[in-house]
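Have the sequence and the model open beside you as you read.

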Amino acid sequence: MSTLIHALFNLNQVLPQLVAQYGNLVYIGMFIVIFVETGLVIFPFLPGDSLLFLSGSIAAMTTHPLNPLVLIISLSIAAIVGDTVNFEIGARFGKHLTESPRWRRFIKPKNIAEAQKFFEKHGSIAIFLGRFMPLIRTFIPFTAGISKMAYHKFVLYNMLGGISWVVIAVLSGYFFGNIPFVQAHFELIMVSIIIISLLPAVIISLRKKKAGTATVDVDEQENQD
């Protein structure tokens, strides 16, 4: 277990070695990691963003066999199927899992509450926005399932979000991952990606807050008149 944890959180060192040793079999391993992170609510800590970015940077190297198109297609499927499974788990077993003392150790009430708040604030588009936010990414489809979100809406935003997340992260790594500065500061770049990924949600929240404040001001003015 300690070896697995070390590998997951030292991807910039481990993944190139795995690709060199196992070649195309690494596609299967990456598919599983993305699927598990998005599909199983007890694994929100897996490094999805880092894996996508790093795999893209490796694909840009002529010494490694990874193909960016294969990465985008396979990992997009993993992300979409993962969220679908997570949604179904939430819809069918969500109430039991969140109330069971056995599972509450893994499914933290705080994380569920944050995802629920995010989902209620942004509505259906939370499925799309949540893709770009660590932790939230894993809990949003689960929360949507618990909330009995209309399935046709979920499917639309799930596909758009899954494909967009994979394409942006893989191509960012492909075009920028082999810049010497990026390679020398990989961990810092990963933190920057996470911060940037939060911006759309922050912007929408600020706009809604501003709109809500404006509405309150108008109501107060009308009451005064």
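Asp49 is buried, at a relative accessible area of 10% (buried means under 20% relative accessible area, exposed over 50%, and partly exposed in between, using a 1.4 Å probe and protein chains only). Its salt-bridge partner is Arg137, with 3.3 Å between the closest N and O atoms; a salt bridge here is a side-chain nitrogen of Lys or Arg within 4 Å of a carboxyl oxygen of Asp or Glu. Asp49 belongs to helix H4 (residues 48-59) and Arg137 to helix H9 (residues 136-146), so this contact ties together parts that lie 88 residues apart in sequence. Arg137 is buried too, with a relative accessible area of 2%.

Before going on, a word on the model: it is predicted, with local features needing pLDDT of at least 70 and side-chain atom pairs counting only at pLDDT 80 or more, while totals for chains, interfaces and linings use all residues. Residues are numbered from 1 along each chain as its sequence is written, and side-chain values use heavy atoms, leaving out hydrogens and water. Helices are DSSP runs (H or I, at least four residues), as are strands (E, at least two), numbered from the N terminus.

How far apart are the closest N and O atoms of Asp83 and Arg131? They are 3.3 Å apart, and the two residues form a salt bridge. This pair also connects distant parts of the chain: Asp83 sits in helix H5 (residues 68-99) and Arg131 in the loop between helix H8 (126-129) and H9, 48 residues away. Asp83 is buried at 2% relative accessibility, and Arg131 is buried at 1%.

An α-helix has 3.6 residues a turn, so residues three or four places apart point the same way. Glu88 is partly exposed at 25% relative accessible area, whereas Arg92 is exposed at 62%.

Salt bridges with shared partners also join Glu37, Asp49 and Arg137 into one network. In total, there are four salt bridges.

Helix H9 is largely enclosed by the rest of the structure, because 10 of its 11 residues are buried. Among them are Arg137, Phe139, Ile140 and Phe142. Just after H9, Lys148 adopts a positive phi of about 60 degrees.
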